[in-house]
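Here is a short briefing on one chain. Topics are grouped below the display.

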Amino acid sequence: MLQYLLQGFLLGLAYVAPIGMQNLYVINTAIKMSRARAYQVAFITIFFDISLALACFFGVGILLEKVPILRGIVLLVGSLIVIYIGISLVRSQPTIDEEVTVDQPLSKIIGICFAVTWLNPQALIDGSLLLGGFRASLPSAASGTFIAGVALASFTWFTGLATVISSFRRFISTQVLRYINIICGIVIIYFGLKLGYTFIQMWL
């Protein structure tokens with residue numbers, strides 16, 4: 001089962017690490033506010049991120065298990081879209097948004113973290129295709145271990161991000177963010193190819 005935990009961890013890192021709305025909010029908080037506030041935002045983001053991952057993984061995954069034709073369609077379409085996401089990440093030019101407002105009361109921070117996760121259409125679509133697609137390719141006994149790896153990746157990434165940015169805020173540049181996106185893009189392309197291989201195996 002360790003291999004499924006590691007697979008989930010790697011996929012989880014590739015899923016959360018690309019510089020999007022969640023990460024920009026954590027980064028800007030860590031750059032502009034105290035370390036305590038940065039961790040506060042990181043833990044709230046982790047909660048919403050893991051809850052979304054669970055919903056995408058188990059909700060879509062159960063449906064795919066019950067409808068084999070839909071499972072094949074999701075594997076094929078998901079493979080193509082995930083590869084496209086990876087290529088887009090490799091080619092993207094991330095920026096640090098200086099306009100992000102981070103000095104907010106806790107209740108508003110919770111609302112913002114919820115919005116950039118659950119109300120983000122791209123996160124919902126990507127999560128459903130990526131995690132739901134992998135649920136369809138996993139043995140049923142391995143599902144819990146795999147999603148535990150994804151959850152561990154979310155916790156590791158956002159707490160690590162808050163720590164690193166708070167400690168080295170003077171050295172963070174768009175070039176560093178660019179390297180992160182390239183690495184994550186390559187990992188996501190690999191997983192997209194793996195989904196495509198699972199689809200081919202279904203029909204052999």
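**Briefing: surface and helix packing**

Isoleucine 69 counts as exposed, because its relative accessibility is 61% and the cut-off for exposed is over 50%. The model is predicted. Isoleucine 69 sits in helix 4.

**Nonpolar surface patch**
- Ile69 is one of the residues that make a nonpolar surface patch of about 670 Å².
- Helix 4, residues 68-91, supplies the largest share of the patch, with six residues.

**Overall fold content**
- The chain has eight helices and zero strands.
- Along the sequence, the pattern reads α-α-α-α-α-α-α-α.
- The chain has 204 residues, and 47% of them count as buried.

**Helix 1 against helix 8**
- Two packed helices are described by the angle between their axes and the distance between the axes.
- Helix 1 spans residues 2-16, and helix 8 spans residues 174-202.
- The axes of helix 1 and helix 8 come within 9 Å.
- These axes cross at roughly 125°.
- Helix 1 and helix 8 are therefore oblique to each other, since roughly perpendicular covers 65 to 115 degrees and roughly antiparallel needs over 145.
- The crossing of helix 1 and helix 8 is left-handed.

Methods:
Residues numbered from 1 in each chain as written. Predicted model: local features only at pLDDT ≥ 70, side-chain atom pairs only at ≥ 80, totals over all residues. Heavy atoms only, no water. Patch = residues over 30% accessible without salt bridge, like charges linked within 9 Å, V, L, I, M, F, W, Y side chains within 5 Å. Areas by Shrake-Rupley, 256 points an atom, 1.4 Å probe, with all protein chains shown as cover. Salt bridge = Lys/Arg side-chain N within 4 Å of Asp/Glu carboxyl O. Helix = DSSP H or I, 4+ residues; strand = E, 2+ residues; numbered from the N terminus. Buried < 20%, exposed > 50% of the residue type's maximum accessible area, 1.4 Å probe, protein only. Axes fitted to C-alpha atoms, helices over the stretch in contact; angles between N-to-C directions. Parallel < 35°, antiparallel > 145°, perpendicular 65-115°, else oblique. Left-handed = near helix turned anticlockwise from the far one by under 90°.
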